[in-house]
There are 2 protein chains.
Amino acid sequence: MKKFALLCLVIFLSFVVCLSINAAQPRAVPPLWQVYQQSLKTAKYVDLTHTIAPAIPVWSGFGPSKFEPTVNPNTGKPYTYQKDGFEATHYDLSTDQLGTQLDPPAHWNPDYPAIDELPATFAVRPLVVIPIQNKVAGDPNYHLTVKDIQDWETRHGKIPEGSVVFVRSDWSKEWPNPELAKRKKFPGVSLQALQFLHLQRKILFHGHEPLDTDSTPTLEGEAWLLKNGYTQAEGVANLDQVPETGALVTIGYPKFQGGLGGYARYIAICPPDWKYGVSVGQISESPLQKANKPLRWDQQLNLRVR
Amino acid sequence: MKKFALLCLVIFLSFVVCLSINAAQPRAVPPLWQVYQQSLKTAKYVDLTHTIAPAIPVWSGFGPSKFEPTVNPNTGKPYTYQKDGFEATHYDLSTDQLGTQLDPPAHWNPDYPAIDELPATFAVRPLVVIPIQNKVAGDPNYHLTVKDIQDWETRHGKIPEGSVVFVRSDWSKEWPNPELAKRKKFPGVSLQALQFLHLQRKILFHGHEPLDTDSTPTLEGEAWLLKNGYTQAEGVANLDQVPETGALVTIGYPKFQGGLGGYARYIAICPPDWKYGVSVGQISESPLQKANKPLRWDQQLNLRVR
């Protein structure tokens with residue numbers, strides 16, 4: 001009987017030890033959080049978006065946009081940090097085709113989705129960057145060809161289905177020169193290239209630096225895309241700072257009901273050893289860094305500056 | 001000598017075979033693309049963003065916003081699909097504190113960054129969702145406490161540094177009832193909870209469903225955050241459709257120069273077996289699905305609807 005009691009005690013103690021080990025063990029990190037810790041947190045982030053200001057290049061057919069301080073409707077006077085402790089901004093935006101854009105097909109075809117009707121899966125994708133800047137240097141009206149895409153694939157492998165393909169032309173290096181929007185010759189993307197990317201490679205969407213897809217009189221590339229239910233990015237920036245392959249891109253845009261473009265945000269997530277971009281924690285995020293000058297409303301520029 | 005020549009031939013042929021195998025081998029997928037293929041592509045995506053329309057709830061001190069079709073400045077007439085082959089939208093937005101927001105500290109303190117000055121690392125983060133909806137059901141003015149956060153940690157482990165913490169109250173289930181913005185009692189986040197999240201847990205930012213952080217007369221929580229260089233999300237939606245732990249969130253917002261809030265986009269990336277959300281490819285993306293009715297401008301609602 002003594003032996004039996006001893007056995008019982010040993011079993012009981014083993015059970016207690018087992019329980020306490022279990023409680024003390026660190027909880028397993030959920031898989032998507034592991035992905036963040038191991039891959040996304042160590043990445044370099046590059047913003048591919050232009051800052052929107054009243055004087056940025058825009059098609060003359062849309063007219064100018066205006067920024068104003070938000071006004072108290074009861075007094076008709078702007079809210080100020082000094083008087084009210086806060087400020088806000090009134091935007092009079094003549095078009096949703098402004099700055100860096102994500103065009104939904106309803107911009108040209110009301111049978112297809114508006115900006116608020118795109119699925120939530122437009123969030124993050126593999127990013128392909130096809131360079132044509134050397135050809136554009138010799139011909140400002142150069143348009144991406146199927147051959148350029150095939151050359152990219154010879155160097156890097158097949159473009160992944162569902163990816164975002166941005167065409168680097170370095171057109172945006174002159175941004176925000178307002179003359180940019182008036183030029184008849186600019187680097188474009190040929191209809192054949194668009195059809196190859198969508199019909200053969202089944203990409204999510206392509207993007208380009210200029211404010212139009214091509215310089216044909218009928219805008220044949222944009223017409224084919226939007227009339228057939230495809231989306232596209234316009235006014236993309238900083239493509240000289242991202243790798244041709246191996247980065248991801250986050251896709252953000254406000255959700256205006258029945259809206260037809262505009263105000264998108266693209267951020268490239270590049271490998272940790274990439275030469276450009278900012279790492280998580282490299283710039284103080286929370287709290288953010290104080291600036292060396294306060295923001296103030298500039299009456300000439302009609303926006304808040306430092 | 002014959003043996004030597006044979007040996008040379010064998011070495012040469014081995015070399016050729018080696019080269020050709022190398023060329024035929026599939027190229028290694030870059031690490032971040034592997035992350036997409038293995039983890040992000042199979043995830044479920046849930047939009048945490050309200051659609052912006054002229055009649056959504058907004059603080060009466062900001063006044064209403066207006067949507068109009070974009071007008072041709074030469075004719076004064078709106079562009080129409082029928083006449084021009086495209087349409088665009090004119091937004092007259094009385095405030096950048098509208099809809100689902102990302103408040104930069106410059107909303108209250110001009111010494112800290114405006115919306116266009118946040119680092120590009122505000123792109124994707126681990127998402128923590130702390131539920132208080134059961135307590136709010138008994139007290140519509142319930143505010144998140146430090147104890148609620150500690151209870152979450154007892155269930156799920158420590159909140160990761162740099163994460164985004166959204167507080168689920170189910171307040172947004174009544175959205176877009178315009179009465180929502182007038183209520184003096186609403187679920188909030190206590191100053192102590194905000195300080196615990198930022199000073200002890202070092203999160204990136206927190207977010208809540210209502211349009212203010214707390215119901216104190218001085219808005220003490222928002223004041224502490226924004227005056228000290230922190231950001232926050234407001235008007236967050238659909239938190240009943242995301243897990244308390246283990247999801248990621250993408251963060252998007254337009255980059256208006258000197259801007260002070262507004263028009264943000266948050267999309268949760270949830271595990272593949274999560275019960276809510278849409279998978280990549282589940283809804284046709286490229287081309288998108290045709291709608292059953294065309295978009296048209298509604299003169300009563302003052303926006304484009306189907």
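## Charged and polar pairs between the chains

Between chain B and chain A the count is six salt bridges, a salt bridge being a side-chain nitrogen of Lys or Arg within 4 Å of a carboxyl oxygen of Asp or Glu. A:E117 forms a salt bridge with B:R306, and the closest N and O atoms of this pair are 2.8 Å apart.

This is a predicted model, in which local features need pLDDT of at least 70 and side-chain atom pairs count only at pLDDT 80 or more, whereas totals for chains, interfaces and linings use all residues. Residues are numbered from 1 along each chain as its sequence is written, chains are lettered from A and ligands numbered from 1 in the order in which they are written, and side-chain values use heavy atoms, with hydrogens and water left out.

Across the interface of chain B and chain A there are 54 residue pairs in polar contact, both residues being at pLDDT 80 or more; a polar contact is a pair of N or O atoms within 3.5 Å, where within protein one must be able to donate a hydrogen and the other to accept it, and residues adjacent in sequence count only if both atoms are side-chain atoms. On the side of chain B that touches chain A, helix 2 (residues 31-40) of chain B gives the most, with seven residues.

## The extent of the interface

In contact with each other are 117 residues of chain B and 117 residues of chain A, contact meaning heavy atoms within 4.5 Å. The area buried between chain B and chain A is about 9,600 Å², and carbon and sulfur atoms give 62% of this area; buried area is the accessible area (1.4 Å probe) that two parts lose on being put together, summed over both.

Because 100% of the interface residues of chain B are also interface residues in chain A, the copies meet through the same surface.

## How the copies are related

## A glycine in a loop

A:G85 is found in the loop between helix 3 (81-84) and strand 3 (89-93) of chain A; helices (H or I, at least four residues) and strands (E, at least two) are DSSP runs, numbered from the N terminus. A:G85 counts as partly exposed because its relative accessibility is 24%, and this class lies between buried (under 20% relative accessible area) and exposed (over 50%), with a 1.4 Å probe and protein chains only. Not counting residues up to four places away in sequence, A:G85 touches A:T80 and B:W108.
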